[in-house]
Amino acid sequence: MRMRVFTASLATETNTFAPLFVDRSAFEGGFYCPPGAHPDTPTLCSAPTVAARRRAASEGYELVEGTATWAEPAGLVSQEGYESLRDEILDQLKEALPVDIVLLGLHGSMVARGYDDCEGDLIARVRALAGPHCVIGAELDMHCHLTAEMVAGADIIVAFKEFPHTDFLARAEDLLELCLKTARKQVKPVSAVFDCRGLAAFMTSREPGRSFVDRLLAMEGQDGILSISIAHGFQAADVADVGTKVLVIADGDEAKAATLAKELGLEILRWGQGASPKHYKPEEGIAAALELAKPGKPVVLADRWDNPGGGVAGDSSVMVEALLLHPDVPAAIGAMWDPVAVSLCRAAGVGAEIPLRFIGKAAPSSGRPIDAVVTVTGTTEDLLIPFEQSWVSLGPAAAIRIGKLDIVLASTRAQTFSPPVFTDLGIDLSAKKVVVVKSSNHFHAAFAPIAAQVLYLDSGGPYPPDASKIPYTKVKRPFSPLDPNPWL
Ligand SMILES: [Zn+2]
């Protein structure tokens with residue numbers, strides 16, 4: 001009989017401290033594809049659907065697509081929002097039964113009112129429906145809370161390895177391959193998790209993360225090791241399982257998986273702060289940029305802690321205020337979330353000089369709104385930008401100018417993944433000395449080629465950058481940096 005594969009996606013990253021509440025409409029307005037409506041290109045959290053489609057014919061399985069949906073990272077998801085999307089997918093699965101494989105595109109840090117571990121809940125319900133012999137595989141973002149429920153419920157979990165997340169499609173392909181081999185009884189995956197008891201994030205756009213991940217990739221498929229995932233964790237969440245964990249999946253040998261997971265976890269812990277880049281205060285960052293910029297090549301400053309990808313608004317005015325203190329410096333900043341200002345600029349039209357109040361509005365942590373007379377220099381119905389194999393919409397958008405400062409305002413919260421955020425609105429980045437992007441590190445692959453240098457900013461928030469100051473109430477202790485790390 002032909003193998004049957006069911007696939008669906010349900011994802012968001014929940015910053016439980018952000019006052020940006022999420023309901024079903026945030027998913028429908030973000031990315032929502034009912035069965036069969038998924039585009040040919042993958043998205044960050046729905047790549048398993050595309051990977052499964054591409055191999056259906058050659059592998060000879062029947063693919064049943066469920067709903068694929070995600071919302072831009074923000075605050076707590078409503079109970080009704082989560083339950084209605086979860087049950088929609090479970091109903092589709094029920095219709096599709098019996099199935100041999102369920103492939104889920106998840107994030108791993110979705111928190112809803114009443115559900116601290118949405119993915120653990122979803123996977124458990126999928127297992128209850130699909131039965132003990134169905135192979136359940138899930139792809140997660142590395143910024144997840146890898147819970148015992150997720151690992152127990154799924155046969156195979158594969159997280160992104162790269163930060164920036166340049167490998168979401170490659171990891172979906174790995175997941176599919178392992179699930180097919182498991183269903184055909186060619187491998188017997190057993191998982192082991194090492195809990196680092198703390199936060200140990202790193203970037204793969206720089207050392208030591210780069211070489212480390214290259215080594216992980218080389219280990220996979222060798223000596224009985226099927227898959228290695230480093231769940232960096234997502235610190236802006238008050239949940240029990242926040243923190244960095246290492247997941248190793250071995251072929252039938254749990255002790256081998258556990259030994260390697262511990263070895264790799266201890267290696268990451270020993271890096272300590274050495275794995276993080278220097279973070280510049282706003283003034284310090286601008287000064288460094290002026291020194292390092294080259295003709296035709298600006299310095300790109302990442303405003304990491306006002307990154308919509310971390311669940312905050314992306315309308316902090318701190319860096320705009322800092323740049324306005326340097327009216328002689330050709331600079332650009334974007335994309336900042338302000339749908340009201342965008343609609344005013346679009347109505348005024350390109351070339352109009354208008355008094356505008358913009359940004360600094362979503363929350364007290366966004367800073368003060370800016371009042372200025374601005375020139376509208378560009379508008380668009382939809383600012384659509386590439387991110388690896390995917391396309392990301394920032395909705396209607398406008399570019400405004402104050403002196404030598406160009407500012408991109410957008411209607412939809414999304415990270416500044418690539419230069420078209422600016423260039424599609426007519427801003428020439430090669431004429432700038434300073435370019436500030438609202439992104440943590442996903443911008444890196446696309447911006448590094450146009451930059452004299454990339455530097456990271458510490459603008460103070462609103463994302464909580466210092467875990468030792470986060471008011472956690474649920475995290476399992478000991479947990480560094482709240483406690484000394486028991487492994488060190
Ligand atoms: Zn991530």
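Predicted model: local features only at pLDDT ≥ 70, side-chain atom pairs only at ≥ 80, totals over all residues.
Q: What is the strand order of the open sheet of three strands?
A: The pairing in this sheet is antiparallel. Strand 7 (189-195) and strand 8 (225-231) are the edge strands, each pairing on one side only. Neighbouring strands are turned by 15° against each other on average, direction ignored. The order is 7-9-8.

Q: Is Ala255 buried or exposed?
A: Ala255 lies in helix 8 (residues 254-271). Ala255 has 10 C-beta neighbours inside 10 Å, so Ala255 is exposed.

Q: What distance separates the C-alpha atoms of Ala255 and Ala192?
A: Ala255 belongs to helix 8. Along the chain, Ala255 and Ala192 are 63 residues apart. Their C-alpha atoms are separated by 8.1 Å.

Q: Are helix 3 and helix 4 roughly parallel or roughly antiparallel?
A: The axes of helix 3 (residues 79-96) and helix 4 (residues 118-130) come within 10 Å. They cross at roughly 25°. Angles under 35 degrees count as roughly parallel. Helix 3 and helix 4 are therefore roughly parallel.

Q: Is the crossing of helix 3 and helix 4 left-handed or right-handed?
A: Two packed helices are described by the angle between their axes and the distance between the axes. Where helix 3 passes helix 4, the crossing is right-handed.

Q: How many charged residues does the contact of helix 3 with helix 4 have?
A: From helix 3 come Tyr82, Arg86, Leu90, Leu93 and Lys94. They meet Cys118, Leu122, Arg125, Val126, Leu129 and Ala130 in helix 4. By class, this contact has eight nonpolar residues, no polar ones, and a charged count of three.

Q: Which strands are the edge strands of the open sheet of nine strands?
A: The order in this sheet is 10-20-11-19-12-18-17-14-13, with mixed pairing. An edge strand pairs on one side only. Here the edge strands are strand 10 (279-280) and strand 13 (353-358).

Q: Which residue in strand 20 stands opposite His279?
A: Strand 10 and strand 20 (residues 453-457) pair in the parallel sense, over two bridges. In strand 20, the residue opposite His279 is Tyr456.

Q: What angle does the direction of helix 9 make with that of strand 20?
A: Helix 9 (residues 282-292) packs on the sheet. Helix 9 touches strand 10, strand 11 (299-302), strand 19 (434-437) and strand 20. With the direction of strand 20, helix 9 makes about 175°.

Q: At what angle does helix 11 run to strand 17?
A: Helix 11 (residues 339-348) lies across strand 13, strand 14 (370-380), strand 17 (397-402) and strand 18 (405-410). To strand 17, helix 11 runs at about 80°.

Q: How many residues of strand 12 are buried?
A: Strand 12 (residues 331-337) runs parallel to strand 18, joined by five bridges. Strand 12 also runs parallel to strand 19, joined by four bridges. The rest of the structure largely encloses strand 12, because the buried residues number seven of the seven.

Q: Where is Pro98 found?
A: Most residues other than glycine have a negative phi, and most peptide bonds are trans. The bond joining Leu97 and Pro98 is cis, with omega about 0°. Pro98 is in the loop between helix 3 and strand 4 (101-105).

Q: What is omega for the peptide bond from Glu207 to Pro208?
A: Pro208 sits in the loop between strand 7 and helix 7 (209-219). The bond from Glu207 to Pro208 is cis, with omega near 5°.

Q: Is Glu388 buried or exposed?
A: Glu388 is in the loop between strand 15 (384-387) and strand 16 (390-393). Glu388 has a positive phi of about 50°, although it is not a glycine. With 24 other C-beta atoms within 10 Å, Glu388 is buried.

Technical notes: Residues numbered from 1 in each chain as written. Axes fitted to C-alpha atoms, helices over the stretch in contact; angles between N-to-C directions. Parallel < 35°, antiparallel > 145°, perpendicular 65-115°, else oblique. Left-handed = near helix turned anticlockwise from the far one by under 90°. Contact = placed C-beta atoms within 7 Å. Nonpolar A, V, L, I, M, F, W, Y, C, P; charged D, E, K, R; others polar. Pairing = 2+ DSSP bridges. Buried ≥ 20, exposed ≤ 12 C-beta atoms within 10 Å, placed from the backbone.
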